[in-house]
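Visitor: I would like a close look at one part of this model. Please take me through its salt bridges.

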Amino acid sequence: MSEIVVGYDGSDSKAALEQAIGLAKELGDSVVIVFGYAARGYEGGAMTAQRDAIKEHAEKVTADAAETARAAGVDSEVVLVPEKGAEALSDLAAQRQARMIVVGTHGESTLRGVILGSTTHRLVHIAETPVLIVRP
Amino acid sequence: MESAAVPAETLPTGAGAGEKGLKSNAIGYASNLVIGVASTAPGYSLAATLGFVVAVGGIGFHAPIIMILSFIPMLLIASAYNYLNRADPDAGTSFAWVTRAMGPRLGWLTGWAIVAADVVVMAALAYIAGTYSFLLFDWQSAADSLLAVSIAAGIWIVVMTAICTIGIELSARTQVFLLGAEILTLALFAAVALYKVYFGTQPGAPLNSVYIHADWFNPFTLHGGSTALVEGILLGVFIYWGWDSGVCVNEESENSATGPGKAAIMSTILLVLIYVVVTVAAQSYAGVDFLRSNKNDVLSALGGSVFGSPLDKLLIIAVLTSASASTQTTILPTARTTLSMARWGAMPKALGSIHPRYLTPHVSTILMGAVSLIWTLIIINVSQNVLSDSITGLGFQIAFYYGLTGFACAFYYRRELTRSFKNFFMAGVVPFLGGAMLTYIFVKAFIDNKPVDSAYSGGFLGVGAAVAIGVGLLLFGVVLLVIANIAYPKFFKRKLETAPPGFLERPPGEPATTTVTPE
């Protein structure tokens, strides 16, 4: 039995979550639901206030995801990491020697992805674990 | 199969987790240096204030010493930031600290002063950004048109607000590049200007050049005496504004055991150097009369003459990138301050919400953008001179909340001061002195700027416009405070806190307070 790491932030990654749960069920794996909650934007004053607010949001969203997994009969674990999404996912997956990482394309338009680089984009380049990308 | 949902944390909650996150992002030395300098936006600060400092009656050629002296209160307050951040890294900086140390009423007013100062500065920022955008394309008639500049300034604020809401951020490398280019351009400007003064082919250079004189650095030969000095420092405080929070809060507590980080020291030296060298070069090249008469856009006015076309565009680009960095370091911290105030239960709850997709404090950010937009359009269109006065007015707000932060530090640690000389000096004397200096500047400048005829734009409500904007907005804050008092009774029942005994003797890293969670 191995673990499948899924990046989940509630917005457009529901398809990724469902895919991960489905695979986990077939393979007899458990899912690790990961939310990277580093605040974006410049560091500096009152940064932590934003980070804490994001963390609360993350707790709420991931609890729902864990519920979805439970309903499907799959073991799950929620991990909140105070890092940006791509780093959070690749570090955790490497650490746990996970079977794979499942992420959504986040509904980011191609243009935005090219100019700014999306989490998914970055993940594909830095992760040592196989990455499965799921379109919403 | 047995199913279980186990919410687990890989890392401890609270500030410890945050620290870990910062560390693993490994903000390097260069990046720290960049953020320290970028949050003060030297190019933009010079463009916005150099002319006004020179124009203060009695300062003239003494602007370089004003640039140096203005830094002293900031340096003193930085120590307060450093110590208070150690006790409570978790919230709206000065708002949280003053609330804890001196009570919710002063704390609330501090938060308001931060917001007010940030809104007021947005007008100046957007005006410069609007004007310089047109100058970049040599579109002088648009730069002179109030309507065109208003539109450009409005677009600027909307775009910047959108960027902050969506949470677009430049990579550290891009930031290092942009700031590097900005500093290089300013250095090049100073070097070319001084070269032309001393070795130029045209004797006396194109303008009224003067050789550098030691008297420029002598505060005792100021013609205007203490009035001019205080007026200059009030403007000077503005140019260094942002340095403290950017540098001190970024300092990772693990390193603070070995004293202030190298990046902090370097960025400080770099900043003072930039301001002094560019000021000296500008007044040596063009003389003070030229700077005075072009005070609204000194750098673009000088650029054409010093660099000639098309190199003068470099200077304009430097000011524009600087202004964009500055807008972001204005909108974001303000939004986070109101976010923090909302989470403390001192402002409407909606301001504390986070966008589910962008993970930014979108309600706070958009509100900040909207208020700034309205303020900017009014201020720009009332008259150009009101804009000038608002920079002086801004000094009052900064002096108010920085001053209170200094006092809050000494007060919060008052029982720790006798434990060691270092505590006594760095957590007590230095912050208190900073607070006292800023109080003096506030009071003295208030007396000097109160008469209607002291302002560029004349009077407003029977006082000088700078006082009306600066102190008037603070008084408006008192009105809002009364309303907040009724709306948020729980927050205003908070008790004063002091540092836990022996806190400063503990190893750094562990905060003294627990995170505030919303009800």
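Which residues are linked with Glu3(A) in a network of salt bridges?

Guide: Glu77(A) and Arg96(A) are linked with Glu3(A) in that network. A salt bridge puts a side-chain nitrogen of Lys or Arg within 4 Å of a carboxyl oxygen of Asp or Glu. This is a predicted model: local features need pLDDT of at least 70, side-chain atom pairs 80 or more, while totals for chains, interfaces and linings use all residues. Residues count from 1 along each chain as written, chains are lettered from A and ligands numbered from 1 in written order, and side-chain values use heavy atoms, without hydrogens or water.

Over all chains, the whole structure holds 14 salt bridges. Take Arg99(A) and Asp29(A): their closest N and O atoms are 2.5 Å apart. This pair links distant parts of the chain, 70 residues apart. Arg99(A) sits in the loop between α3 and β4 of chain A. Asp29(A) sits in the loop between α1 and β2 of chain A. Asp29(A) is buried (under 20% relative accessible area), at 1%.

Now look at helix α2 of chain A, residues 47-72. Helices here are DSSP runs of H or I, at least four residues; strands are runs of E, at least two. Both Lys55(A) and Glu59(A) lie in α2, 4 residues apart, about one turn. Their salt bridge has its closest N and O atoms 3.8 Å apart. Lys55(A) is buried at 10% relative accessible area. Glu59(A) is partly exposed at 35%.

Chain B has a pair too: Asp312(B) bridges to Lys313(B), with 3.7 Å between the closest N and O atoms. Both residues are buried.

Definitions and conventions. Buried means under 20% relative accessible area, exposed over 50%, partly exposed in between (1.4 Å probe, protein chains only).
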